[in-house]
Amino acid sequence: MLSLATIVVVLLVIAFILRNITVGWAPARDQYPVQGISVDDSNGDITWHVAGATGVDFAYIRATAGAEKRDRNFAANIKGAREAGIRYGAFHSYSLCRLATDQATNFVTTVPRGEHMLPPAVRLAFDNDCGDRPGRALVLSELNTFLNQIESHSGKPAIIEVSRDFEELYNISSGIDRTFWLEANFFPPDYATKPWVMWRASDMRRISGVDGPVNWNVVRP
């Protein structure tokens, strides 16, 4: 009969092994050859040439959130990714509490035009600072306004990253004809009505060059 102390030690060892597997996991490269990260100022100062050496093929970098917030590390991250030879694009965290035109203005006055940049992206997820839940028709109308303005600025169709709970409430994938980027740790997501083109496969992976966990994304071949 194992003692309580032995059981605790065994459980701690198992937890340590599982944690190391989890933070180092990424989808197989033979299935998903193109893989990268999405980051914002919560990731701190990134050493981009080191991150690139760990297999980061591309990076989506947050530029703005809502109508006022500009990510304080955006310019430095764009510069670092470019100098490291990593393809990069900008994304916006959308707010249901602010007008689409104001949010689009925030984005287009922050993100420079660049023919070598990846298409712009918008992340749709519920924000603890915004409790508004407008009707679906209004959300789709406002989102179309936002997309039209940022696409006019960038000259490229946008990508929509939508969380599971946001999609379940608003069914964005049935209402807007764009490329979709879905989120699910470890297992490919299936919660949208359209096939995903990008998948955030882990929000807990750790890589050299970035302090703490990072969002790890793959592109469907």
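On a 1 Å grid over the protein atoms alone, a cavity is a set of points where a 1.4 Å probe fits but cannot get out. With that in mind, a search of the whole structure turns up 2 cavities of 30 Å³ or more. This is a predicted model, so local features need pLDDT of at least 70 and side-chain atom pairs count only at pLDDT 80 or more, while totals for chains, interfaces and linings use all residues. Residues are numbered from 1 along each chain as its sequence is written, and side-chain values use heavy atoms, with hydrogens and water left out.

- The largest cavity has a volume of about 90 Å³, where a volume is the space filled by probe spheres set on the points, and grid points are joined across faces, edges and corners.
- Its lining residues (those with an atom within 4 Å of a point) include Phe107, Arg113, Met117, His153 and Lys156.
- Sorted by class, that lining has 7 nonpolar, 3 polar and 2 charged residues. Here Ala, Val, Leu, Ile, Met, Phe, Trp, Tyr, Cys and Pro count as nonpolar, Asp, Glu, Lys and Arg as charged, and the others, Gly among them, as polar.
- The second largest cavity comes in at about 30 Å³, and Tyr94, Phe126, Asp127 and Arg133 are among the residues that line it.

**The pockets**

- A pocket, unlike a cavity, is an open set of points, with protein on both sides within 12 Å along at least five of seven lines.
- The largest pocket has a volume of about 520 Å³. Of the 26 residues that line it, Asp40, Arg62, Phe91, Ser93 and Arg123 are the closest to its centre.
- Strand 1 (35-39), strand 2 (58-65), strand 4 and strand 8 (198-205) each give at least two residues to the lining of the largest pocket. Strands (E, at least two residues) and helices (H or I, at least four) are DSSP runs, numbered from the N terminus.
- The lining of the largest pocket splits into 8 nonpolar, 7 polar and 11 charged residues.
- The second largest pocket has a volume of about 160 Å³, and its lining has 8 nonpolar, no polar and 2 charged residues.

**Helix 5**

- Helix 5 (residues 136-154) has 19 residues and reaches 26 Å from its first C-alpha to its last, close to the 27 Å expected. The expected span is 1.5 Å times one less than the number of residues.
- Its buried residues are Val139, Leu140, Leu143, Phe146, Leu147, Ile150, Glu151 and His153. They sit on the same side of helix 5 because they cover an arc of only 150° around the axis, taken from the directions from the helix axis to the C-beta atoms.
- Buried means under 20% relative accessible area, exposed means over 50%, and partly exposed is in between (1.4 Å probe, protein chains only).
- The face turned away from the buried side carries the exposed residues Ala137 and Ser152.
- After helix 5 comes Gly155, with a positive phi near 75°.

**Loop residues to look at**

- Most residues other than glycine have a negative phi.
- Asn171 is not a glycine, yet its phi is positive, about 50°. You'll find Asn171 in the loop between helix 6 and helix 7, and it counts as partly exposed because its relative accessibility is 29%.
- Phe186 also has a positive phi, near 75°, and its place is in the loop between strand 7 (179-183) and strand 8.
- Gly44 lies in the loop between strand 1 and helix 2 (48-53). Gly44 and Asn77 are 33 residues apart in sequence and 9.9 Å apart in space, C-alpha to C-alpha.
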